[in-house]
Amino acid sequence: MAVIALTGCSGSPGVTTSALALLLSWPLEPGRRMILAECDPDGGAVLHGLLQGALGDRYGLRNLSVAARKGEFGEAFWRQLIDLSSEDGKAGSPRDRLLLPGITDPAQAASLSTIWKGLAVMFRGIDADHGHDVLIDLGRRGAVGPSGVLAEQADVVLVVVRNTLRCLQAAQSRMAALEERVGNVGLLMINEGPYPAGEVQRVLQAPAVATLPYAPKDARVLSDGAEQPRHFTKTALMKAARTTSTLLVQRVAARRARLGPPSGPVRGEVVSHAR
């Protein structure tokens, strides 16, 4: 049971691709689900990336702002989820790896200002009442704006960084802002550049929780819907994602054993998370 937020910095570090790799490799017991929520105020990428526009724009975060005004937020949330455990709607699908698509236009972000707190309550309720795990994609700037309440209420916040000079320089100011807002922040490193994990930790003053390989060809399967090679689940990227998932489960368990789940109040509307 975990609520984990991923964010990034300038320089296209690969937040959404990393989130999808974790979603598809997360260890799930029978009856458990993993939900990936695209909460990037700059816009989601999965509908027109991995899914190649096949489902149009019928699903997603923007529909929740309308539902919230009608007092139907909790029920509407579950209707917006897309099954990524197999082809959506395919008979026999376990429906255990689900996506809440993000907005398709950054201009839509203004309409979401009233629902970020409701989503934070929803995610905590899904974790506590159903035992499901939630992964939040906050994109490059979602952890420090109005949607930052989602990071505040997460068990773990990870900044996705590439170990290149350009990305490390961009990440320094982001890390400082996040440390001030949410406290303990970790790193998910994409191993593209020359700097080892120890050097990245020293520069950014944060632990490198896990490392994913720089594998552009395999990453394009997740980011752009490129043709999936045979045995994709056995590629270095997906193997590393499985290892990372296990490490994150252990990190959340250790944190909760020490501190308990996030329990600070989330001011704003309280929404139903019944399912």
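Student: How many bridges join strand E1 to E6?
Tutor: This is a predicted model, in which local features need pLDDT of at least 70, side-chain atom pairs count only at pLDDT 80 or more, and totals for chains, interfaces and linings use all residues. Residues are numbered from 1 along each chain as its sequence is written, and side-chain values use heavy atoms, with hydrogens and water left out. Strands (E, at least two residues) and helices (H or I, at least four) are DSSP runs numbered from the N terminus, and two strands pair if DSSP finds at least two bridges between them. E1 (residues 3-7) runs parallel to E6, and the number of bridges joining them is 4.

Student: Which residue of E6 is the bridge partner of Leu6?
Tutor: E1 and E6 are joined by bridges. Within E6, the partner of Leu6 is Leu158.

Student: Which residue of E7 is the bridge partner of Val160?
Tutor: E6 also runs parallel to strand E7 (residues 186-191), with 5 bridges between them. In E7, Val160 has as its bridge partner Leu188.

Student: Which helix makes a β-α-β unit with E6 and E7?
Tutor: The unit is right-handed, a term used if, with the strands pointing away from the viewer, the path from the first strand over the helix to the second runs clockwise. The helix that makes this unit with E6 and E7 spans residues 165-182 and is H6.

Student: How many residues of strand E6 are buried?
Tutor: Buried means under 20% relative accessible area (exposed is over 50%, partly exposed in between; 1.4 Å probe, protein chains only). On one side of E6, Val156, Leu158, Val160 and Arg162 are buried, and on the other Val157, Val159 and Val161 are buried. E6 (residues 156-162) is therefore largely enclosed by the rest of the structure, its buried residues numbering 7 of the 7.

Student: What is the angle between the ring planes of Phe77 and Trp78?
Tutor: Rings of Phe, Tyr and Trp (its six-membered ring) pair if their centres lie within 6.5 Å; planes under 30 degrees apart are stacked, over 60 edge-to-face and the rest tilted. By this rule there are 2 aromatic pairs. The centres of Phe77 and Trp78 are 5.5 Å apart, and the pair is edge-to-face because the angle between the planes is 90°.

Student: How many residues apart in sequence are the parts tied together by Phe77 and Phe123?
Tutor: Phe77 and Phe123 form an edge-to-face pair, with 6.1 Å between centres and 65° between planes. Both residues are buried. Phe77 lies in helix H3 (residues 73-79) and Phe123 in helix H4, so the pair ties together parts whose separation in residues is 46.
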